[in-house]
Amino acid sequence: MKKMNGNVKSVIVLTAICLIVTALLAVTNHFTAPVIKDARDKKIERSLKTVIPEMYSIREAVIPEGAASTVKSIYIVNDELYAVVLATTSAYSSGDMGITVGISADGRITGVTLTSYFESKDFGKDTYPNNYIGKDVNSYADVDTFSGVTYSSMAFKKAIGDALQAVELLKGGAEG
Amino acid sequence: MKKIKVFTNGLIKENPVLVLVLGTCPTLAMSVSVINAIAMGLAATAVLICSNAVISLLRKVIPDTVRIPCYIVVIAGFVTLVQMLMEAYLPDLYDMLGVYLALIVVNCIILGRAEMFANKHNVFESALDGLGMGFGFTLALLLMATVREVLGNASFAGMSIGFLQDYKIPILTAPPGGFLVFGCMIALVAYLTRGKAPIKKSFDCEGCPSAAFCRKEGKACGTAETEAK
């Protein structure tokens, strides 16, 4: 009987602690969620300006059917350029890799930037993303992966391909 | 006087990283740059103080059988709280710390101090211990990061050091360099604190966290019955 009471007390205490912690986190989330959303939006806005510096107008397009799941949003900039926001992961990734790609009307990459990366700190902050500038859906695969961060650069390359394919699908849909 | 000792113990004599050799994973990962080291140290310190205080406050309420899950829930709660606040108000720092911020949950220093100190002392002493251990962790990270960044990258806190540019030792910023600096620092602290550092407990009955249970149940450690369990 005494042992059973002990077990019941253990369950009650653990449950109560879990509930209190959850409530505390819910309150914190209530206050920080809008600030976090704003910070993320600003980060995406900054990345759009990085890949397409001269931006006069921007509108969000509907992601075409058949686009890869890594494509999170597509923007039509200045009525002729495309900016694709992607989130992908590598085999060993501990968090999403955020990438924004600028694509011209003729389907060539105008700029690439890595917005979030949770692995080796140097990848994406050097000149590696610039290797994709000028490439299109047929030539992006020619860019080599990055030694030392092979899986991340493979995931990066695949995401670039997904962005190019998504824009092709979008253009195809618009023409059709 | 005793209170001051509780605080200063964590700085050198019982430094969690260089003497107790706890929290090695974040130490090696985040000591590549001084800014990362300070940010990681302060985040861990905040969690240490809060979790130590709460665990001390609840030490008479939490039953022994579920104490570890309770500690983990409290620690994970504070880490998530710090994560949310950092992502909201210090997004650049949040990006810099990456996955290691979430990994504070499994940082041995925090669980270790909860088990070794907070569940035996009052709230004020536990918070003070958290502060001392947190500062000790930050200090160790800062020293390691200074060596690695200055000698490995010829910079300090991101600011380039001109005259060292031609004398960089790049291996120091790589994982093997981290182990090398870590080993040298442990040796240095062992030399400086010789005879004063706590003697590590052996793997006998006294060093076992379940020793108290065994005694309560009336079993002698090392008996066939205990070992079978």
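Modeller: Let me begin with a definition: buried means under 20% relative accessible area, exposed over 50%, and partly exposed in between, with a 1.4 Å probe and protein chains only. This is a predicted model, in which local features need pLDDT of at least 70 and side-chain atom pairs count only at pLDDT 80 or more, while totals for chains, interfaces and linings use all residues. Residues are numbered from 1 along each chain as its sequence is written, chains are lettered from A and ligands numbered from 1 in the order in which they are written, and side-chain values use heavy atoms, leaving out hydrogens and water.

Biologist: Why is Ser31(B) called buried?

Modeller: Its relative accessible area is 0%, and the limit is under 20%, so Ser31(B) counts as buried.

Biologist: What makes the pairing of the side chains of Ser31(B) and Arg148(B) a polar contact?

Modeller: The distance is 2.8 Å, and a polar contact is a pair of N or O atoms within 3.5 Å, where, within protein, one must be able to donate a hydrogen and the other to accept it, and residues adjacent in sequence count only if both atoms are side-chain atoms. A polar atom of the Ser31(B) side chain also lies 2.7 Å from the backbone oxygen of Thr27(B).

Biologist: Why are helix 8 and helix 9 of chain B called oblique to each other?

Modeller: They pack at an angle of about 130°; under 35 degrees counts as roughly parallel, over 145 as roughly antiparallel, 65 to 115 as roughly perpendicular and the rest as oblique, so helix 8 and helix 9 of chain B are oblique.

Notes:
Axes fitted to C-alpha atoms, helices over the stretch in contact; angles between N-to-C directions. Helix = DSSP H or I, 4+ residues; strand = E, 2+ residues; numbered from the N terminus.
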